[in-house]
Each structure stands twice: as C-alpha cells, then as structure tokens.
Amino acid sequence: MTIYAGAVNRDHVHMLISIPPQLSVSRAVQFLKGKSSHKLLSEYQALRKRYWGQHLWARGYWVASSGNLTDEIWKQYIEDQKPEEPDDNFKAV
C-alpha cells in the first residue's frame, strides 16, 4: 500500500491510498487500523489507559474509488479537510 495524502481530524481520518489489486479494500482497512492502533497504544500510555479492553477505531469505514477524478483533485480535497486551527491542542505527528 502507498499513502499519497492524509488529513487527521479529531474524530476521523481522510487518506488517499493505493492498494495492490490482490488485496481487498476490507483487508487493507483492517491492516491500517490494526497497525496504527497497535502503534498508538504502545507509544501513548494515556490512550492505553483510556481504551483498555476497548477498540481504538470504530468498526466502520467509508471508501470511494478515484473513478473519473484525478489524484490531484483527491489530494486537494483531503488537504481541504484539515482543520484551520487545532482543536484542544490536538496534534498528529
């Protein structure tokens, strides 16, 4: 998988990714959520305490194929989703 663009908001994430044809979308999302959850929970003690015994990510997701739009249009859309000002000192590194 290749991540071309991304925007992290307080309650959701936008990403433009490319996945190989042999990998299903659901498996790609499962992989991304699993790996990111493991990394976040292992690096941030506060998250581990808050989400102990629970799931960090929601079960659902929304996916769209690029179709008739160019990658540049999708990248601009994702860039436009970034909040103007951080909410409650929320930062994604």
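Contact here means heavy atoms within 4.5 Å. With that in hand, welcome to a set of close-up views of a predicted model, in which local features need pLDDT of at least 70, side-chain atom pairs count only at pLDDT 80 or more, and totals for chains, interfaces and linings use all residues. Residues are numbered from 1 along each chain as its sequence is written, and side-chain values use heavy atoms, with hydrogens and water left out.

**Figure 1. The whole chain at a glance.** Let us start with the overall layout. The protein chain has three helices and two strands, where helices (H or I, at least four residues) and strands (E, at least two) are DSSP runs numbered from the N terminus. Along the sequence they follow the pattern β-β-α-α-α. Among contacts between residues at least 6 apart in sequence, 51% join residues at least 24 apart. Of the 93 residues, 14% count as buried; buried means under 20% relative accessible area, exposed means over 50%, and partly exposed lies in between (1.4 Å probe, protein chains only). The chain exposes about 8000 Å², with carbon and sulfur atoms supplying 53% of it. Accessible areas come from the Shrake-Rupley method with a 1.4 Å probe, and for residues only the protein chains shown count as cover.

**Figure 2. The hairpin of S1 and S2.** Here we look at the two strands together. S1 and S2 form a hairpin with four residues between them. Their pairing is antiparallel and runs over six bridges; two strands pair if DSSP finds at least two bridges between them. Thr2 has Ser18 in S2 as its bridge partner, while Gly6 is bridged to Met15 of S2. In a regular strand the side chains alternate between the two faces of the sheet.

**Figure 3. His14 and Ala7, with their contacts.** His14 sits in strand S2 and counts as buried because its relative accessible area is 16%. Beyond its neighbours within four places in sequence, His14 is in contact with Ala5, Gly6, Ala7, Tyr77, Ile78 and Gln81. Ala7, with the neighbours within four places again left aside, is in contact with His12, Val13, His14, Ile78, Gln81 and Lys82.

**Figure 4. The largest nonpolar core.** Five residues make up this core: Ala5, Ala7, Leu16, Trp74 and Ile78. S1 and H3 each supply at least two residues of this core. A nonpolar core is a set of buried Ala, Val, Leu, Ile, Met, Phe, Trp, Tyr and Cys residues joined through side-chain atoms within 4.5 Å.

Figure 5. Glu72 belongs to helix H3, which covers residues 71–80, and is exposed because its relative accessible area is 54%. Glu72 and Ala5 are 67 residues apart in sequence, yet their C-alpha atoms are 9.8 Å apart in space. Gln76 also lies in helix H3; with a relative accessible area of 45%, Gln76 is partly exposed.

**Figure 6. A nonpolar patch on the surface.** Which residues form the nonpolar patch? They are Ile3, Val8, Val13, Met15 and Trp57, with about 410 Å² of accessible area together. Strand S1 (2–8) and strand S2 (13–18) each supply at least two residues of the patch. Met15, placed in strand S2, is partly exposed because its relative accessible area is 38%. Patches are made of residues with over 30% relative accessible area and no salt bridge: like charges are joined within 9 Å, and nonpolar side chains (Val, Leu, Ile, Met, Phe, Trp, Tyr) within 5 Å.

Figure 7. The structure holds one salt bridge, meaning a side-chain nitrogen of Lys or Arg within 4 Å of a carboxyl oxygen of Asp or Glu. The side chains of Lys39 and Glu43 form it, at 2.8 Å from N to O. Side chains of opposite charge can pair when their charged atoms come close. Lys39 and Glu43 both lie in helix H1 (residues 25–43), four residues apart, or about one turn of the helix. Glu43 counts as partly exposed because its relative accessibility is 45%. Ser37, also in helix H1, counts as buried at 14% relative accessibility. Not counting residues up to four places away in sequence, Ser37 touches Leu56 and Trp57.
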